[in-house]
Amino acid sequence: MAIFKGAGVAIATPFKENGEVNYEEFERLIEFQIENGTDAIIVCGTTGEAATMSEEEHMDVVKFCIDKVAKRIPVIAGTGSNCTETAVKLSKLAEEYGADGLLLVTPYYNKATQGGLMAHFSAVAKEVNIPIILYNVPSRTGCNILPETAVKLAREYKNIVGIKDATGNISQTTKMMQLAEGCIDLYSGDDDQIVPIMSIGGLGVISVLSNIAPRQTHEICQKCLDGEFAAARELQFKAFPLVKALFSEVNPIPVKSALKMVGFAAGPLRLPLTEMEPENQEKLRAEMKKFGLI
């Protein structure tokens, strides 16, 4: 059984001006997501700025999210690392805290071989019992999970159940699904490719757009799940300009600006990320107005 179907939000982490996590605003953002139909929350991923958190802080944010959601919808904890030992440690803690699943990014910077990826993900899978979603985003990590590797992992480990595909390579993704024969759950990692990914068997999206438009992103996915691909396509087209604006600078720079525009105290970004350029902010604001968010 899939961890979730539909739109899971890759939730942003609000910070105070002094750089500390703003837990009060984080709770508000969690409640906004649940009230507006988000199907799952993915905490401490790329959008959550986990890369600039200490291990202790990272896991405090994960635990806070799990506790506040209180099983109303699934919580998937980002526990990936370029260090296998760290990924195992964080994953075991997330399971202990009550996470419904884990999101494991490929080891970044190290650029592991396919054999290295097998060994890395196997090490984590052997130490936890909860479901694992692999995260393939070569543009950020310099490392690509090939279709054969993803399928082999899913067949060898019953708790490796899915993959978040942010390759942008629909041919590679189609090959993986053809090889998988149903053994792996597929989620789009790109908001502009929800419908294409779901048309080849995807179950939904792990979404940046959902931070500001959870109901609309859920609706795109639900139309696909209901087999209404023509309607889903129109919703995808409508969201396309906003999605492009949300990725006009590296994620999560634009989405944190967008959250401020809709009234959340998202706070600053942590260096080396910097605030959005003014001209891009204005383009983003214009697209948000057209989309009816402000």
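Tutor: Start with a term. A pocket is an open set of grid points where a 1.4 Å probe fits, with protein on both sides within 12 Å along at least five of seven lines. Keep in mind that this is a predicted model.

Student: How much space lies in the largest pocket?

Tutor: A volume here is the space filled by probe spheres set on the grid points. For the largest pocket, that space is about 670 Å³.

Student: Which residues that line the largest pocket are the closest to its centre?

Tutor: The lining has 29 residues. Helix H2 (55-69), helix H3 (84-97), strand S4 (101-105) and helix H5 (138-141) each give two or more of them. The closest to the centre are Gly 45, Thr 46, Ala 50, Ala 51 and Tyr 108.

Student: How many residues in the lining of the largest pocket are charged?

Tutor: Sort the lining by class. There are 13 nonpolar and twelve polar residues. Asp, Glu, Lys and Arg count as charged. In this lining, the charged residues number four.

Student: Which element gives the largest share of the lining of the second largest pocket?

Tutor: This pocket has a volume of about 410 Å³. Its lining has 23 residues, and Val 137, Ala 166, Gly 189, Asp 190 and Phe 247 are the closest to its centre. H5, strand S8 (204-207) and helix H10 (229-246) each supply at least two lining residues. The largest share is three residues, and it comes from H5.

Student: How many residues in the lining of the second largest pocket are polar?

Tutor: Again, go class by class. Eight residues are nonpolar and six are charged. The polar residues number nine.

Student: Now the rings. Why is the pair of Phe 4 and Tyr 187 called stacked?

Tutor: The structure holds four aromatic pairs. In this one, the ring centres are 4.5 Å apart and the planes are at 15 degrees. Planes under 30 degrees apart count as stacked. So the pair of Phe 4 and Tyr 187 is stacked.

Student: How many residues apart in the chain are Phe 4 and Tyr 187?

Tutor: Phe 4 is in the segment before strand S1 (6-10), and Tyr 187 is in strand S7 (residues 185-188). The pair links distant parts of the chain, 183 residues apart.

Student: Is Phe 4 buried or exposed?

Tutor: Buried means under 20% relative accessible area. Phe 4 has 3% relative accessibility, so Phe 4 counts as buried. Tyr 187 has a relative accessible area of 1%, so Tyr 187 is also buried.

Student: Which helices do Phe 26 and Phe 64 sit in?

Tutor: Their ring centres are 5.9 Å apart and their planes are at 25 degrees, so this pair is stacked. Ring pairs also link Tyr 23 with Phe 26 and Phe 64 into a cluster. Phe 26 and Phe 64 are 38 residues apart, in helix H1 (residues 23-35) and helix H2.

Student: Which residue lies over the face of Tyr 135?

Tutor: Tyr 135 is found in strand S5 (residues 132-136). Its relative accessible area is 7%, so Tyr 135 is buried. At 4.0 Å from its ring centre lies Lys 164.

Notes. Residues are numbered from 1 along each chain as its sequence is written. This is a predicted model: local features need pLDDT of at least 70, side-chain atom pairs count only at pLDDT 80 or more; totals for chains, interfaces and linings use all residues. Side-chain values use heavy atoms; hydrogens and water are left out. On a 1 Å grid over the protein atoms alone, a cavity is a set of points where a 1.4 Å probe fits but cannot get out, and a pocket is an open set with protein on both sides within 12 Å along at least five of seven lines; lining residues have an atom within 4 Å of a point. Helices (H or I, at least four residues) and strands (E, at least two) are DSSP runs, numbered from the N terminus. Rings of Phe, Tyr and Trp (its six-membered ring) pair if their centres lie within 6.5 Å; planes under 30 degrees apart count as stacked, over 60 as edge-to-face and the rest as tilted. Buried means under 20% relative accessible area, exposed over 50%, partly exposed in between (1.4 Å probe, protein chains only). A charge sits over a ring if NZ of Lys or CZ of Arg is within 6 Å of the ring centre and within 35 degrees of the ring normal.
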